[in-house]
Amino acid sequence: MSRKIICSRCGKIVDVNHDCPNKYKDTRKREQLSDVRWVHTKKLVKTRDLVCYLCWCNGIITNGRDCHHIIPREVNNSDNSIYNADNCIYLCENCHHDVHKTPNNWKNYVDIFKKHIEAVKKGGF
């Protein structure tokens, strides 16, 4: 039996060697991943948040893995939004998948994430 994973592109449970039909169509996304500004933004977010914020809210400490855009690139594709640490939150793979589970589900989390970032700026977690 082959190992199963959650595909980061389509969100389905698939074999490890899954060839997703949702491959990056947007070349800007691919460019972003190797951009020095994105590497710097991810590092800032990881240092600020340390753990998955949604897990932490539920009393669980889980290492973050993904730097999630609070306002998605599809909504605001400007460099000021993409490379802004205040528009990003650190999430574990499962929580990141939950946020993206259905279209526009991200809207349910915007206020929660922004309140967290403001609290961190003021010295709280």
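1. The side chains of N105 and N108 are joined by a polar contact of 2.8 Å. A polar contact is a pair of N or O atoms within 3.5 Å; within protein, one must be able to donate a hydrogen and the other to accept it, and residues adjacent in sequence count only if both atoms are side-chain atoms. The model is a predicted one, in which local features need pLDDT of at least 70 and side-chain atom pairs count only at pLDDT 80 or more, while totals for chains, interfaces and linings use all residues. Residues are numbered from 1 along each chain as its sequence is written, and side-chain values use heavy atoms, with hydrogens and water left out.

2. N105 itself is located in the loop between α5 and α6. N105 counts as buried, at 14% relative accessibility; buried means under 20% relative accessible area, exposed over 50%, and partly exposed in between (1.4 Å probe, protein chains only). Not counting residues up to four places away in sequence, N105 touches D98 and V99, where contact means heavy atoms within 4.5 Å.

3. D98 also takes part in a charged pair. K101 forms a salt bridge with D98, and the closest N and O atoms are 3.4 Å apart. A salt bridge is a side-chain nitrogen of Lys or Arg within 4 Å of a carboxyl oxygen of Asp or Glu. K101 is exposed, with a relative accessible area of 52%, whereas D98 is partly exposed at 31%. As a general point, side chains of opposite charge can pair when their charged atoms come close.

4. How many salt bridges does the structure hold? The structure holds 6 salt bridges. One of them joins the side chains of R37 and D79, at 3.1 Å from N to O. R37 lies in helix α2 (residues 36-49) and D79 in helix α4 (residues 79-82), so this pair ties together parts that are 42 residues apart in sequence. R37 is partly exposed, with a relative accessible area of 40%, and D79 is partly exposed, with 33%.

5. A salt bridge is also present between the side chains of D66 and R65, at 2.8 Å from N to O. D66 is buried, with a relative accessible area of 13%, while R65 is partly exposed, with 48%. R65, D66 and E93 are linked in a network of salt bridges.

6. The protein chain contains 6 helices and 4 strands. Helices (H or I, at least four residues) and strands (E, at least two) are DSSP runs, numbered from the N terminus. Along the sequence, the pattern of the protein chain is β-β-α-α-α-β-α-β-α-α. Among contacts between residues at least 6 apart in sequence, 60% join residues at least 24 apart.

7. The aromatic residues deserve a separate point. A search of the whole structure finds 3 aromatic pairs. Rings of Phe, Tyr and Trp (its six-membered ring) pair if their centres lie within 6.5 Å; planes under 30 degrees apart count as stacked, over 60 as edge-to-face and the rest as tilted. The ring centres of Y53 and F113 are 6.3 Å apart and their planes stand at 70 degrees, so the pair is edge-to-face. Y53 lies in helix α3 (residues 53-57) and F113 in helix α6 (residues 110-121), so the pair ties together parts that are 60 residues apart in sequence. The rings of Y109 and F113 have centres 5.6 Å apart and planes at 15 degrees, so this pair is stacked. Y53, W56, Y109 and F113 form one aromatic cluster. Y53 is buried, with a relative accessible area of 8%; F113 is buried, with 1%; and Y109 is buried, with 18%.

8. F113 belongs to the largest nonpolar core as well: of its 15 residues, C52, L54, I89, L91, C95, V99 and F113 touch the most other members. A nonpolar core is a set of buried Ala, Val, Leu, Ile, Met, Phe, Trp, Tyr and Cys residues joined through side-chain atoms within 4.5 Å. The elements that give two or more residues to this core are α3, β4 (88-91), α5 (93-99) and α6. Apart from this core lies another, of 8 residues, among them V45, C67, A85 and C88. Leaving aside neighbours within four places in sequence, C95 is in contact with C52, L54 and C55.

9. Finally, buried residues make up 35% of the 125 residues in the protein chain.
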